[in-house]
Amino acid sequence: MDIPKYIGDIHPEDYIKEMRIYCNFKQITNDDDVLKFSKLMVDSTIDFPSENIESCEDLIKELKEHITFLIFKNSSIRKLHLLKYQLERDGGDTPKFIAKFRSLCRNAEINDIDRQKHYLYYTLPNDFFRNEFIKHYDDIKTMNDLVICFERTLNEYSRFILNGSVVALKHVATGKYLTSSIKHYETGSKNQLVFCGKSLRDSNSAWTIKCLQSPEFLPYESIIYLQHNNTNNFLEICTDRHNLSPVSKHTEVSCGSNNNYSDYTWILDRSKPESKDEFLKTQDIILLRNKYPDYLTNKQKEEILGCKDIMFTVGEDEYQEVYAHSKDNIDEYDEWCIELIE
């Protein structure tokens, strides 16, 4: 262990703490000896009245009055101005950020809680964080309150499913995941299969959720589309009346690269209309509604994504059927629990 040296680039209290650790390591326990080493290891360009210093606390006070400490404090304040929180999903590290923020406040000797709140507010990455922070602003009385408020806001934010997130859709009634694979239907459109697969999700049950109307959060009643991660095809319904689901003979649901926009766009609905949630979160129970023009009636037709414990076969393999049906007959078999993967 090297002996600490003070050149004005750390807080004087940290310098003395490091010196005490060094002396303890070297089995130097006498306070006078600790003070002697502390004074000797202050850089020669940092002058102070050595004869007036009788304790480590006196040395800390003198070092704080030197111009180098003012520079150190002002540098810490500038670093606080530049500090920005980066979300963990974007590669950030929350414990390191909090440790950095607390350290800079301490180094800058910012002990007033209102100033601490001010600086943390301007590190926040988006309006959601800032709005949540303002809601609790007056309740924050200490640095610990400040960190707890930040952590609660982060936990709430982490539940939001953002535009471009990878998700899985678990069928509530049967507990199985919406899945696709490279296999194709043997009837109907003969497009890529969509079915309810395993009760544990795998790569074939991963979908990227996208919305053209929203840059970040996904509001309910917005138009979304779901792209299957393994094949890059889109979840779609077959609007051709001749292409029906294999067993129940509802509207077929498949994966494809259809250029007909209305076939693969879905409207994000709440399963409970009385819910007040504005944006989609992980573990929400949702309905997926498709709206497309019915050319026979010249009216808009609306259908809901559903599934029952109905099996069909492709080759020698059995699959649980997924289909779309009229929104007038919604029941518990139409509910999906959305889970955030990444």
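1. Thr-231 sits in the loop between strand 5 (223-228) and strand 6 (234-237). Strands here are DSSP runs of E with at least two residues, helices are runs of H or I with at least four, and both are numbered from the N terminus. Lys-327 lies 96 residues from Thr-231 along the chain, and 29 Å separate the C-alpha atoms of the two.

2. A word on what you are looking at: this is a predicted model, in which local features need pLDDT of at least 70 and side-chain atom pairs count only at pLDDT 80 or more, while totals for chains, interfaces and linings use all residues. Residues are numbered from 1 along each chain as its sequence is written, and side-chain values use heavy atoms, with hydrogens and water left out.

3. On the overall layout, the chain is assigned domain 1 (12-65), domain 2 (79-158) and domain 3 (165-340); such bounds come from an automatic or database domain assignment. Taken over C-alpha atoms, the centres of domain 1 and domain 3 are 70 Å apart.

4. Helix 8 (residues 143-158) is worth a look. Its 16 residues reach 23 Å from first C-alpha to last, close to the expected 22 Å, a figure that is 1.5 Å times one less than the number of residues. Buried residues (under 20% relative accessible area with a 1.4 Å probe, protein chains only) in helix 8 are Met-143, Leu-146, Val-147, Cys-149, Phe-150, Thr-153, Leu-154 and Tyr-157. Seen down the helix axis, they fall within an arc of 160 degrees, so they line one face of helix 8; the arc is taken from the directions from the axis to the C-beta atoms. The partners they pack against are helix 5 (94-107), helix 6 (113-121) and helix 7 (127-135).

5. The unreviewed UniProt entry annotates residues 158-212 as "domain: MIR"; such annotations may be inferred rather than shown by experiment. Over residues 158-212 the chain is 2% helix and 42% strand, with the end C-alpha atoms 21 Å apart.

6. How many disulfides are there by this rule? The count is zero, a disulfide being a pair of cysteine sulfur atoms within 2.5 Å. For Cys-211, the nearest cysteine sulfur is that of Cys-255, 19 Å away. For Cys-337, the nearest is that of Cys-196, 13 Å away. Cys-211 counts as buried at 5% relative accessibility, and Cys-337 is buried at 10%.

Conventions. Buried means under 20% relative accessible area, exposed over 50%, partly exposed in between (1.4 Å probe, protein chains only). Contact means heavy atoms within 4.5 Å.
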